[in-house]
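Keep the viewer open as you go.

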Amino acid sequence: MAVAIILILVAVASVLFHIFSPWWWTPLASNWRYIDDTITLTFWITGAVFFAVVAFMAYCVLRFRHTEGRRAVYNPENKKLEWWLSVGTAIGVAAMLAPGLIVWHQFVTVPAGATEVEVMGQQWQWSYRLPGKDGRLGTSDARNVSAENPMGLNPDDPAGQDDVVIQNDDLHLPLGKPVKVLLRSIDVLHDFYVPEFRAKMDMIPGSVTYYWFTPTRTGTFEVLCAELCGAAHAQMRSKVVVEEEKDYHAWLEKQRTFAELSGQRDVAKATYTRESE
Amino acid sequence: MVDVPFDTVAGVPPAEVGEVELYHPRSWWTRYVFSQDAKVIAIQYSITAMSIGMVALVLSWLMRLQLGFPGTFSFIDPNQYLQFITMHGMIMVIYLLTALFLGGFGNYLIPLMVGARDMVFPYVNMLSYWIYLLAVVVLASTFFVPGGPTGAGWTLYPPQAILSGTPGQDWGIVLMLASLILFIIGFTMGGLNYVVTVLQARTRGMTLMRLPLTVWGIFTATVMALLAFPALFVASVMLLLDRLLGTSFFMPTLVEMGTLTKYGGGSPILFQHLFWFFGHPEVYIVALPAFGIISDLISVHARKNIFGYRMMVWAIVGIGALSFVVWAHHMYVSGMHPYFGFFFATTTLIIAIPTAIKVYNWVLTLWRGDIHLTIPMLFALAFIVTFVNGGLTGLFLGNVVVDVPLSDTMFVVAHFHMVMGIAPIMAVFGGIYHWYPKVTGRMLNEALGRFHFWVSFLGAYAIFFPMHYLGLLGMPRRYHDIGETAFVPASAHDLNAFMSVAALIVGFAQLVFLFNLIWSLFKGREAGGNPWGAASLEWQTPETPPGHGNWGKELPIVYRWAYDYSVPGAAGDFVPQNEPPAGVLAQGAHP
Amino acid sequence: MVDLREERTSSLPPAKIGLGVFLAVVGSLFALFISAYSMRMNMVDWRTLPVPALLWFNTGVLVMSSIALQWAQMAARRNDMDVALVGLLAGGVSAFMFLAGQLLAWQQLNAAGYFLASNPANSFFYLITAVHGLHLMGGLVGLGRTTAKVLRSAEASQIRLSVELCTIYWHFLLLVWLVLLGLLTGWTDNFVDICSQLLS
């Protein structure tokens, strides 16, 4: 009796927790509403299955628990029932997989008009780079990294001279414009993660990964690292500011290009040291 | 009429007296220490695994203290926190669960359940244990070397794992890799035994389709482990060379703390592919034995045959095979080619179907049963609840685009603890309460057992169920302290504190369990040979605990499957596998 | 569905099944090394190293070793233990020659400046040949024990089994070596390309 009640309580409490939980995803700030919708759909399907299984177990425990003289029914197989259950499961799985794959297709298909923004991770800070007037980012290589040139840009590449380099500062993005984020690292794996944008991708030293999204509301959002990158992983923070086009351009005007920075830079590279806490 | 594959074998001649090449211990040392008896090796494996598991349990307390009350415990710094999570994960997955299920349960149960006198290669079996012990010692030694154990996370991803920004870069990572290599060598020796014993040493009448599902689970898991561990071996050897000899298998051109290293051109993703080609089957290496054990526990304690035995066997084999083509679902956001996502999401969700069939068949076994709420049965019920919960959240993470916001958050931590932490541990506990009487001849204490069960089950659920919601909120994993973060409300910190308190209580209950194990060894109620009235072969030994050679003079002959409970027309409510048909079958009630 | 009711455990000796399972594990190991090799060789910094001519000689020696063991096995089968002994010794000696030849090849490469860490192609060459060599050394231990059995005139059936197991293992390692050789000399590049195109 008690066991059955506790099992039911576990199922009910789980559902109630889900409904009343104050811990829920952060308000969306990108175009990835579909991802949220797919999660919601998945919650409905899996929640129903979970409740049904546990409730059925509780029923069995209550109804068929041992009493004097009870004897179990000898029932080795029921092919028909097993097939029906398999088919039902397959339908449920397909109902979750199909929207998932459709949204994934959107996720990996970058729209043609997206502006490129580069994010570079290193232990344990973020740097950003925006294309200059020519609209193109210059090449880069970890071998070029120096105190003068912390992002390792190729000094001989004309396309890179007008690139806007942002060190130790926030990244600003214009509202409503699709952005293709190019992700790069010069030491270990990192992961550029802004919970409000939902999107996420590892950055791998030696190659460039990417994802895209469109910011859909203004505000300041926290950047975290979502791939273990060493001792100060948890302190690797930055901010993304999404703002109206006009404010964005005002901000952009104040930023300096790679050409301006190289030569006159005397700011020592700020790195966290191990005992930085 | 049901079509069942397990009808009687008529007129089987008596088995020969199998006195062949059975190893005989000559002294105390060879009987209890350097023993070649699978039962002794099983106990050695179990004790070693549980001892190192206790270390991992203590590490989890330290982690939870830090997460629940950040800043309060000054003796835990960020480096140590990373070392704790790494060692906790590695120990629990490989050195505890894999070793306990295959080395512990496998060694004890396979020969008894298939009706063999011992494993087929007892000497190799003994070596397997000693190499495992060496691997554990090497692993434990990293706590005492300069720099401490590695803090690279149990996935040991390069480049981070072997660079100076990660704790344990000097000795920790080297010894960790060495220990893994040793473990794999030792496991291969044991695994050969388990596979060949199941294939070659079954007693007369024990067809493959009469094996208890526990044997099927352990057998399939062993085959998978034999094929999957080489991937970890390859990855470990190559990473070790990168670390020690400066090769660049996995290491690209990179800057280490402001200095350009000599590495160049390597591929960190290659390591991830190798790691997860091992890592995903590993999940099922832990899950399949649990599936098998749970099937047997439910059947015995519900006094009812397992429902859909053949489907269960095919589901185990199918899951085992499928688990080799889903590995990259751990790498959806790793930067691999995005089109892999379509393939791996599909295979991953397909695996849900055989898994769901198993769950249906467990609950349908309960249905119209005669359910004895013994402690093993309680653990089996808890297994189903936690496994279903964790399995369903797997559908979130396997569905590629849903994984994007959730990967590397606490949602993942909650998911895998539920599905391959709590659920298999419930199976381990259920199995121990169930077979302890066979191993020792005494029952475990009932009251302590119920206390242990309720605290472990409800407590673990209270830790890991709410944890999903922290992940949903966006809280990343492997953070020693989330700190001041705009999107994390104060209540999330309270929830963390609550989970930590629950973790301490659950941990305490495990001490009660250990006490019960030792206390009952001396003071437990005498169990007799078959306290649960179970039909499978291991309960039919002439002696309890089973003597050397298991079966006395004659090997048993098997006439039916292991699940003849409550057979219509039979006298008792179970028919042992080795009971000759004439005595039981009244009027051909058995199909 | 297959009817398994009448199935008996097969009459193969457990040691033979055990060896079969072990070879599956070893096969898995080398297959994974080969996959890693073919993924890594597509990176830009790969510089294929010239395969020393000595390797061809070594291959010949390993083939001889396999033939000698095959010969020993056939002799053991017709109970001609003296001939079997000669076959075993010849197989063992030529396996040792193979290993010595491999070491010599390493020395030649090292002397020519192809160091372990200077290029991934070199790293893989040393690593894969080392792993293969270690497996052969393990085989030599088994071969030594088999030879000892013949010398002390153990039971014929036991000798036959041991010799057969050694022979199977030798043939397997020869096969693995031929595949590896194809990989290291670049013969299989086209094949690898086709595979990687299928994957991407």
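Predicted model: local features only at pLDDT ≥ 70, side-chain atom pairs only at ≥ 80, totals over all residues.

Residues are numbered from 1 along each chain as its sequence is written, chains are lettered from A and ligands numbered from 1 in the order in which they are written, and side-chain values use heavy atoms, leaving out hydrogens and water.

**The sheet in chain A**

- Five strands, in the order β4-β10-β9-β6-β7 (chain A), form an open sheet with mixed pairing; strands here are DSSP runs of E, at least two residues, and helices are runs of H or I, at least four, numbered from the N terminus.
- Two strands pair if DSSP finds at least two bridges between them.
- The edges are β4 (171-174) and β7 (200-203) of chain A, each pairing on one side only.
- β4(A) runs parallel to β10 (residues 238-243) of chain A, joined by 4 bridges, and His172(A) sits opposite Val241(A) of β10(A).

**The nonpolar cores**

- A nonpolar core is a set of buried Ala, Val, Leu, Ile, Met, Phe, Trp, Tyr and Cys residues joined through side-chain atoms within 4.5 Å, where buried means under 20% relative accessible area (1.4 Å probe, protein chains only).
- The largest core has 354 residues, and Phe107(A), Phe192(A), Tyr95(B), Trp362(B) and Phe383(B) touch the most other members.
- Helix α3 (residues 78-114) of chain B gives the most to this core, with 24 residues.
- Another core, of 10 residues, lies apart from it and includes Met120(A) and Ile186(A).

Definitions and conventions
Buried < 20%, exposed > 50% of the residue type's maximum accessible area, 1.4 Å probe, protein only.
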